[in-house]
Every structure is written in structure tokens, then in C-alpha cells.
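These notebook entries record what I looked up in one structure.

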Number of protein chains: 2
Amino acid sequence: MRLDAQSRGESALIERIAQRSRDLLSAGRLAVVQGIGDDTAVLQAGGQALLWTADMLVEGIHFRLDWIDPRSLGWKSLAVNLSDIAAMGGVPTGALLSLALPSERTGGWLDAFVEGFIECARTYATPLLGGDTNRAERVVIDVSVLGVVSAHPVLRSGARPGDWVLVTGALGGSRAGLEALLASDTAGIDLMPHFRPVPRVEVGALARELGATAMMDLSDGLAADLPKLLRASGVGAVVFPKQIPVHPVAYRWAQGRGIEPERFAMAGGEDYELLLTAPPATAQQMLEQIPPQTGVALSVIGEITEPRELWLEYPDGKREPFALAGWDHFTA
Amino acid sequence: MRLDAQSRGESALIERIAQRSRDLLSAGRLAVVQGIGDDTAVLQAGGQALLWTADMLVEGIHFRLDWIDPRSLGWKSLAVNLSDIAAMGGVPTGALLSLALPSERTGGWLDAFVEGFIECARTYATPLLGGDTNRAERVVIDVSVLGVVSAHPVLRSGARPGDWVLVTGALGGSRAGLEALLASDTAGIDLMPHFRPVPRVEVGALARELGATAMMDLSDGLAADLPKLLRASGVGAVVFPKQIPVHPVAYRWAQGRGIEPERFAMAGGEDYELLLTAPPATAQQMLEQIPPQTGVALSVIGEITEPRELWLEYPDGKREPFALAGWDHFTA
């Protein structure tokens, strides 16, 4: 599986940092259940587990101010963190917001940003508890979220051979919006999947209750994220591309350009849908309960295997390795 | 009391954000004891209180890479957050590190940064539990720290008339280093107080145990920070300038330039010493126990008064308002 340059660079940085801090992990005053390496850190506090995460958004890297409106940016900066809490099966408790802003962004722009942030905070009952504001030449947003889970969180490492692989919602919508923006060709394209991701907090908590064995959120795209889950669990998988739920926006975008929609959807980052695994009986239960209770679709897209390999399997039985040719122009 | 432009702007931003989020404070899943407005947020989790804070450092605003070495910057970026935990009387539990880095800072520079961060983390038993790394044109560092306190944290709001006002360590050392750097006149100047602040974690926990009524850390300087504590507590104070402990580096810097050392020390930011209040009997106990147990000096510098005013009182009994003339050229 090839990662794009951005992700590969980031992984190396994270590994560099993780290596130097691993021996410190045992020294905390709350028991550390999980340090670097999952969607959130996990700390034991009495009977409950605390979930803790932070995500930074940098102008020019993660967003362009001539593209995204401040209200959507405020929503998104919190939503991507709530998605990490959801991916552990937890519920959010509060947020800290650190902002670096050029002076021309401190008036109405900031008001709209905070309104979007608070709109998301209100929707997911996540009060803003503090933070830090600073001047800078470019906008940098760092949000930290704390969550709780009453029993054990769902880690990336619990997938077992025979488990089914499932995803929530539909994939590729955010990437289609991004491609449209890059191509200055947004007429008729719904940019909301790109600007306003919906964290799957309710689904994540329900999936944990029902017995999901592994879970993570799709921030870098299925093609980049599924291998992380498999590596953490020490397993492989077969994915059925024709069962991948393609977002309507992605479908239209890909088809109009002669790209196979499912491949486009697999390469699409920033969907913030959940990727999870469960034994077949549990997965069946999820398929019955999750769409009705939450209104969010759930799709079976593959199966976990013992061999640590990753294959695509088509309806005619043809298999090919997951690292696809014709992929590159999406991940430049 | 006049604040400098940077602090005044930041206060307005924080107020703008706080106002819009206040009504959300009751919605969290852990009870929120304290939201925006103290050194950290406070959440109740079973029998203990969780302390939670974040601080962002921006290249060109908070530090210059041609001045500070990466190892010191790593130390400082964690230390300023630990200082917030100390100011509540808590102990740190873990940290998240979000970094935005230009590509030329991802090799040896990053290694040295992480070493300094981990050196501080090890000293204060604060494991690095996760975070986020990103590319950017300039270095931005955001650190979030979680701490715990077994009983109640010490807030800014508990000072009562008759309490003594105390500070740890000595003031002005960091500002003297900054002034020397700005003047390109660092020969013979110890820059460590500016580059490597020492969070007073042990002293803060002990002061809480002994019964401190209010506490905060000195990040913006006594002249800017004391009024915050007084406002939060709804009281005033008399400060005895001649009892203010002046850092030797600050003393030499100020004297060499014809500035009254105590005034310089009061205006000096980034000392990260603790400012606290306690009834006289409790304060006496602190004066006996804290220097011997911790090796950190503790000085009585004033007294809390009922009238919400702030005065300087000299040994000859002369009083003047705290907002000093001749102050301005330090707070540009």
C-alpha cells in the first residue's frame, strides 16, 4: 500500500516522536491504557476510560480560506476530533481550542468561526472549556477533545479472522469536493461533505455496545486507513469493491471523468466515516439496528483473513492486490 | 492597569469566544467545575478533579528560531503547560503534542526538540500520549496537558481580605533575557530563565495541601496577572515593591540601565513562578515548609484588601497606584 507523500512524511514524524517517548508511558499518574498509535489516547480514571485526542488544521495545508467559509471551518475543526472519540466508541465531554490568527481574522471572521464551532459543540454536547489565542501570519487551529467510555474503548487492534469489515455512510464525497475545488469546477458539486463532516458519535457508541472488535475513523481514505487497522490487529483482509458505498457526489464526479467510482471512493480522504470489524453474527445485529436507530447506513465491504495480505475481490471471483494501478493521480 | 497590546488583544479574543460558549457549559458528560477563565479547565471524574489546559507557541510571536535552540524550545513548550497544572495545585498525567513544521525542521532539529520535550516530560512524570504533526511555513507548537488533583483545585477566585500575597522564586529573569536578545546584547546574560522555565509542580501541590486560597502562574508578569486574580476574587491588594524577589539576571539588567529593579521584575512576563494567597497563619506555615521541602524560595509581597483597589506601598509608608508611570517602555 502506498501512502501519499504527505501521509508518509507524517507517519515518519509520528514514529520518530513515538520512539523517543515510549519509555515514558508507564510513568503517568492515571494508568495509561493506550498511548500513541490509535485514534485517541486512553487513560483509566476510576471505573471509566478517558479518551483524549488533538488535531491541528493549518491554513494552506488542510484548508484554503478562499475556499472554506469560517463557519464551516469552525464546525470541521471540532468535528474531526469528535470523529476520533466516536472511533473508540466513546462520547465527547469537552473541547479546548487553540487558535493562531492573522489580525484581519479577529473580527467577523472569528465570530463566524466560533459560531460554527459552537454549532458542532452543541450538536454533540461538547462544551468549549478553554484554550489559547495568538497572533500569526496564517490561521492555525488546534483542537483537543476529551471523551469518556463507560467500559472498554474499541481499539484498532481487535480485528480477528472471519470478522466482517463494515463502513458507515458513503465514501468519496469529501474528496470529490476537494477535486472540484482544485479544478475550479464546483458548479453543481455539493461541497458540504468536504466542508462539514458528520462525526458518527451515536453509531460509534452503539457499535461498541453491540460488540465491534476493532474500529477507526476514515480520515486518510479507506486505501490508507484499512492497512493501519490490519497492521494493528496483525491480520489481512479481502475487500469487495462493488459493495463499497460510494457517495453520490463522488459517483457523479468519478463517472464524469471515466474513473471507476469505487476506486475513487476508496482513495477519498476526510470522509470521517467509521471503519469497523465484527464477527458475522454481531455484524448482522448491527445491520439490523444501526440504520434504524441512527439513520446512518452501514455496509459490509469485506472480511478479515488470517494471511496478512490485502486483496480486492470482484463479483466474478477475480482478485487483485489492493495496491491499485491507476491510483496515483488521486494521491499526488 | 494597562495591558500591552498583545495581551489586551488576546483577552478580547478569549472573551469573544467565552461569551459564545458559556451556555454550553452545562451540557458535558463529566461535570464541568470550571470552564474558561482559570489556569485550566476542571472536570469532576469520580473522586478526583481533572485539570486540562492547552498552550500554543507560534514562531515569530512567542519565539525566534535564531534565538532559542530546539532542545530548549521543546522543554519550554511543555513546561508552560505544566505550570498551569501546578497553578491549580495538581500533578500532570500526560501530554498531547501538535506540531506544524517547515520541512527543514523535520530532521535533527525535530530530534533535539523532542529530546527537550521528553527531558521535561521525564522530570515531571508526564508521558507524551499522542498528538498530530503537520507541514507549515512556520513552526507552531500546541501542547495540551491533563492533570489530576485528589481533592479541590486552587482557583483564582478564592483570595479573601487579610490574606497574604506570596510568590515563588524570583521575578524578571525571563524578561531580562528577552530584552537582552532584542537589544542583541546578551554577553554575560544567563538566558536560561527565558529559555527553560521551571514549572513549580511540587510547590503548587504543597501550597494546595497547606491551604492556599487562590493561585495562578505568572505568565504575563505580576503587573498583568495579579489584577486577574483580584478580579476573579472580587478583592483588592497592597503590594510592597521592596519585598518583591528580583531575579539576579533582572537585577543586573535593570540596574545597568537605571531602571528600578523591582519595577522591572513586576513587568516581566514568562517567569512561570506561582502567585498565591493564604491567611497569615497558613502563609507562615508555607514559609517554614516550602523552601526546605522544595528548595524553592517563597516571598510575601503584599496583602489582600477589601477595597477593590491596587496600591504599591513603600517602606516609608508612601503609597501610589499600581499603574505606574515609567512602565510603558517595558510593555511595548
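Two strands pair if DSSP finds at least two bridges between them. Helices (H or I, at least four residues) and strands (E, at least two) are DSSP runs, numbered from the N terminus. I noted that this is a predicted model, in which local features need pLDDT of at least 70 and side-chain atom pairs count only at pLDDT 80 or more, while totals for chains, interfaces and linings use all residues. Residues are numbered from 1 along each chain as its sequence is written, and chains are lettered from A and ligands numbered from 1 in the order in which they are written.

**Entry 1: a hairpin in chain B**

I looked up the bridge partner of B:Glu313 in E13(B) and found B:Arg319. E12(B) and strand E13 (residues 319-321) of chain B are paired in the antiparallel sense, over 3 bridges. Together, E12(B) and E13(B) form a hairpin with 5 residues between them. In its turn, B:Gly317 has a positive phi of about 90°.

I then turned to the other partner strand. Strand E9 (residues 236-239) of chain B pairs with E12(B) in the parallel sense over 3 bridges, and B:Val239 is opposite B:Leu312 in E12(B). Strands of a sheet pair through backbone hydrogen bonds, either parallel or antiparallel.

**Entry 2: loop residues in chain B**

I checked B:Glu270 in the loop between helix H9 (261-267) and strand E10 (274-278) of chain B. Its phi is near 60°, a positive value in a residue other than glycine. B:Glu270 counts as buried because it has 21 C-beta neighbours inside 10 Å.

B:Tyr272 is also placed in the loop between H9 and E10 of chain B. B:Tyr272 is not a glycine, yet has a positive phi of about 55°. Is B:Tyr272 buried or exposed? It counts as buried, because 24 C-beta neighbours lie inside 10 Å.

I found B:Gly188 in the loop between helix H4 (173-182) and helix H5 (192-195) of chain B. B:Gly188 is exposed because 8 other C-beta atoms lie within 10 Å. From C-alpha to C-alpha, B:Gly188 and B:Val249 are 9.4 Å apart in space, and they are 61 residues apart in sequence.

**Entry 3: a sheet in chain A**

I recorded 10 helices and 13 strands in chain A. Of its 332 residues, 56% are buried.

An open sheet of 6 strands in chain A has the order E1-E2-E3-E6-E4-E5, with mixed pairing. Its edge strands, each pairing on one side only, are strand E1 (31-34) and strand E5 (128-135) of chain A. E4(A) and E5(A) run parallel and are joined by 7 bridges. A:Leu101 is opposite A:Arg135 in E5(A).

**Entry 4: two domains in chain A**

The domain assignment of chain A gives domain 1 (5-149) and domain 2 (156-330); such bounds come from an automatic or database domain assignment. I found 20 residues of domain 1 of chain A in contact with 21 residues of domain 2 of chain A. Two residues are in contact if their C-beta atoms, placed from the backbone, lie within 7 Å. H2(A) gives the largest share of the side of domain 1 of chain A that touches domain 2 of chain A, 10 residues.

Definitions and conventions:
A residue is buried if 20 or more other C-beta atoms lie within 10 Å of its own, exposed if 12 or fewer, and partly exposed in between; C-beta atoms are placed from the backbone.
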